[in-house]
Amino acid sequence: MRRLNCAFPTLVCAVFVLGLTLAAPLYAHHVKKGESTTMVITTSSPKARQLYEKGMADYENLYLERCNEDWRAAVKADPNLAVAWAWIAFNSGNPQEVSAARAKAKELAPKTSPGEQLMVAWIVKVQEGDFIGGIAAMNDLLEMYPKDKHLLYLAGNWLMGENGDDQAERLLEKALVIDKTYPAALNDLAYVDARNQRFAKALAGMERYVATLPEEPNPQDSYGELLRMAGDYEGSLRHYRAALQIDPDFVSAQLGLGDTYALMGNQAQARIEYDKAINFAHNEADRLTYNMQKAMTWVREGNIRRGRQEFSGGSCDRPRQRAGLAGSAGFPPYGRVSGGR
């Protein structure tokens, strides 16, 4: 699975801006390089710092609700930790929480380091529709910390969500020059290859990803998704089940089983798998999404009446909202696509 952010109303504009700003280094601001290799985090609380960093690690490993919990705990330990507020705004599925966290990040940003200010500006400006300003902040942040593999990954991951695969590929490759076994970059780069129908390379990348994190569920989940993209449904099911053996609470793998059975035409089994995902969903936004995917199985079987009943029922009568950097509705990661991201 890989996390995806998608802003449908602004997608065409965003892709244009991404191509303009990232393909033309002539226009870079040439900001002063950071004194450290990685971005400085401003906090007086060791506990808040530890929780923030744990949240970023969980985000990279696709524990997409656990990282929210980490960042919420971080701002309880230090209410002035601006970047934690920014990432809550980025990743939360609750529109009210997104708005409040974004406002808090904006308020606190002037008191932070230059790098943190750029990170907050990137997230806030894009969520508020200022793609040019947000992307400029992202580019300046990368120029300030060109050797920070985590920033290269975060930017590449976001670009993938905005259909900026070529630009993302360059950033992810830079991250792997810094650390050739960096799991998050290996994962996303395999998705770029799969999107471009380079499945042999994508699956080889998955083998490397699994080898770096053999005890984590997401490598198996991602492997299952890429095999499904390649048309190997039975192989996909095996890897999703392997992810659930590692962590039965890794719901995106359970959702992946439902999605794969649906593509195989086995809608009855898909509903069984979706029900399991619904029961173990980590938040209401995800539960609503899983219910909608279950409802679609009736439509695929030609039972339009039942499908309408499911969509108009209590669990499926409100559109899901997901903020991310785009601040608008919609997402799966496509994967890291069934999650996803």
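Q: Before we start, what does "buried" mean here?
A: Buried means under 20% relative accessible area. The structure itself is a predicted model.

Q: Then is Asp58 buried or exposed?
A: Asp58 has a relative accessible area of 7%, so it counts as buried.

Q: Which residue does Asp58 form a salt bridge with?
A: Its partner is Lys54, and the closest N and O atoms are 2.9 Å apart. Lys54 is partly exposed, at 33% relative accessible area.

Q: Where do Asp58 and Lys54 lie?
A: Both are in helix α2 (residues 46-60), where four residues, about one turn of the helix, separate them.

Q: Which residues are linked with them in a network of salt bridges?
A: Arg66 and Asp70 are linked with Lys54 and Asp58 in such a network.

Q: How many salt bridges does the count come to?
A: The count comes to 19. One of them joins Asp193 to Lys201, with the closest N and O atoms 4.0 Å apart. Asp193 is buried at 3% relative accessibility, whereas Lys201 is partly exposed at 48%.

Q: Changing topic, how many residues does the largest nonpolar core have?
A: That core has 94 residues, and Trp87 and Met119 are among those with the most contacts inside it. Helix α4 (residues 82-91) supplies the largest share, nine residues.

Q: What is Met119 in contact with, leaving aside neighbours within four places in sequence?
A: Its contacts include Met39, Tyr52, Trp87 and Leu154.

Q: And what is the mean pLDDT of the chain?
A: The mean is 87, and 83% of the residues reach 70 or more. Over residues 20-27, however, the pLDDT is below 50, and it also stays under 50 over residues 314-341.

Terms used
Residues numbered from 1 in each chain as written. Predicted model: local features only at pLDDT ≥ 70, side-chain atom pairs only at ≥ 80, totals over all residues. Heavy atoms only, no water. pLDDT = per-residue confidence, 0-100. Contact = heavy atoms within 4.5 Å. Core = buried A, V, L, I, M, F, W, Y, C linked by side-chain atoms within 4.5 Å. Buried < 20%, exposed > 50% of the residue type's maximum accessible area, 1.4 Å probe, protein only. Helix = DSSP H or I, 4+ residues; strand = E, 2+ residues; numbered from the N terminus. Salt bridge = Lys/Arg side-chain N within 4 Å of Asp/Glu carboxyl O.
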